[in-house]
Amino acid sequence: MIFNCNLSDLIAEAKKIRFANFGNKVELRLAHNYLTRKKCTSDCAFCTWSKDAKIDYAEEKGLLIEGNSGINKDSCSASAEIAISLGAGMEFTSNIERIEDENLLTKICGIIKELSTKVRIGIQPGIIRRRDKRYFKLLKEAGVSWYCNDMETAPSHFPKICTTHLLEEKIESLEMAKDEGLKIWSGFCIGIGETFDQRIEAIEALRKINTDGMILSFFYDVPGIPLHGKVAKLASEEALKTIAILRILLPKTPIIIGGGRQHVFGEKQNLIYEAGATGIYLGVFLNHPRPSVERDLAIIRNLNLQISLF
């Protein structure tokens, strides 16, 4: 069992593999949240946007973007300028699981079409989970480069985390996006009650989907969410071991670290690159605290990493 291997040995091997396939390159993604006051229709146990969460996190943290639709050209353009200045890609994320408003989708595509000539743009659900190729065609025509839809966890653990939709829906949407010429990204969150074996199961499922890139997030416990107080805090050593194993098992796949890294690693976030990660998200990533961009950039400079989009 690879999880039983010594952490320092895993990191040494992962670091060697990372350098062989990616050199000193690192990718940055700026998350642009178009949050709304509408509750998500899903019941994901780890998320503050869950329909079962007893918290108005957006209101509390001031994360809501102005405008009735939750998205406007000025805020998107401002994020795009920041992304350009950092050499980062930009990813639209939302707290809404399904977009039913055709006018809103058209508006989003219009904004993306204008911005995609200046910066590479990706999308996470919120935009769409409906399994209809027409929507992916619209996104591709608007200039979207990649579509990201996380598996959340291993197939065997998924029913314990979410009951309002199936993992198969997510996989089918990724396949449709790929058919339309979009790069596809997926991943999972650790620390939500899964076993070590289930993490390997999740990795194998990603291999089967053959994603272009992988996102790993870490559970951040917030009072009011369904999973609050039900799982132990994830240790940084365990998180590093998971990153290293991912790098060893997926040697040529970019691995970007999503939410929760500040919560898990604190002042030792440089270790995620040592363990094999090739990138990070910047900014507010849904229910996670805002990491310091200045600190992120300082770490990258100190490690002599070069910002580049894969």
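Which residues in α8 meet α9? Before getting to that, a word on what you're looking at. This is a predicted model, in which local features need pLDDT of at least 70 and side-chain atom pairs count only at pLDDT 80 or more, while totals for chains, interfaces and linings use all residues. Residues are numbered from 1 along each chain as its sequence is written, and side-chain values use heavy atoms, with hydrogens and water left out.

Let's start with the overall picture. Of its 310 residues, 56% count as buried. Here buried means under 20% relative accessible area, exposed means over 50%, and partly exposed is in between, using a 1.4 Å probe and protein chains only. Take the contacts (heavy atoms within 4.5 Å) with a separation of 6 or more: residues 24 or more positions apart account for 80% of them.

Now back to that opening question. On the α8 side you'll find Phe-196, Arg-199, Ile-200, Ile-203 and Arg-207, and they meet Glu-238, Thr-242, Ile-245, Leu-246 and Leu-249 in α9. Two packed helices are described by the angle between their axes and the distance between the axes. The axes of α8 and α9 come within 11 Å and cross at roughly 35°. Axes here are lines fitted to C-alpha atoms, for helices over the stretch in contact, and angles run from 0 to 180 degrees between N-to-C directions. The crossing of α8 and α9 is right-handed; a crossing gets that name if the near helix is turned clockwise from the far one by less than a right angle, and left-handed if anticlockwise.

Helix α9 also packs with α1. Their axes come within 8 Å and cross at roughly 45°, which makes α1 oblique to α9. For reference, angles under 35 degrees count as roughly parallel, over 145 as roughly antiparallel, 65 to 115 as roughly perpendicular, and the rest as oblique. This crossing of α1 and α9 is left-handed. Among the residues that meet here are Leu-10, Ile-17 and Phe-22 in α1, and Leu-240, Ala-244 and Ile-248 in α9.

Next, the charged pairs. Side chains of opposite charge can pair when their charged atoms come close. Call it a salt bridge when a side-chain nitrogen of Lys or Arg is within 4 Å of a carboxyl oxygen of Asp or Glu, and the count comes to 14. One of them joins Glu-238 and Arg-199, with the closest N and O atoms 2.6 Å apart. Glu-238 lies in helix α9 (residues 236-249) and Arg-199 in helix α8 (residues 196-209), so this pair ties together parts that are 39 residues apart in sequence. Glu-238 is partly exposed at 27%, whereas Arg-199 is buried at 3%.

Another salt bridge pairs Glu-274 with Lys-15 at 3.0 Å, N to O. Because Glu-274 sits in helix α11 (residues 271-274) and Lys-15 in helix α1 (residues 7-22), the pair ties together parts 259 residues apart in sequence. There is also a network of salt bridges linking Glu-27, Arg-29 and Glu-91.

What about the greasy inside? A nonpolar core is a set of buried Ala, Val, Leu, Ile, Met, Phe, Trp, Tyr and Cys residues joined through side-chain atoms within 4.5 Å. The largest has 92 residues, and those with the most contacts inside it are Met-90, Phe-92, Phe-188, Leu-216, Phe-218, Ile-243 and Ile-257. Apart from it lies another core, of seven residues, including Trp-146 and Trp-185. Trp-185 is also one of the residues that Gly-213 touches. Gly-213 is found in strand β6 (residues 213-218) and is buried at 0% relative accessibility.

Finally, two loop residues to look up. Glu-152 has a positive phi of about 80° although it is not a glycine, and it lies in the loop between β4 (144-148) and α6 (158-161). Asn-304 isn't a glycine either, yet has a positive phi of about 55°; its loop runs between α12 (293-302) and β9 (306-307). Glu-152 is buried at 13%, whereas Asn-304 is exposed at 59%.

Terms used
Helix = DSSP H or I, 4+ residues; strand = E, 2+ residues; numbered from the N terminus. Lists of a residue's contacts leave out its neighbours within four places in sequence.
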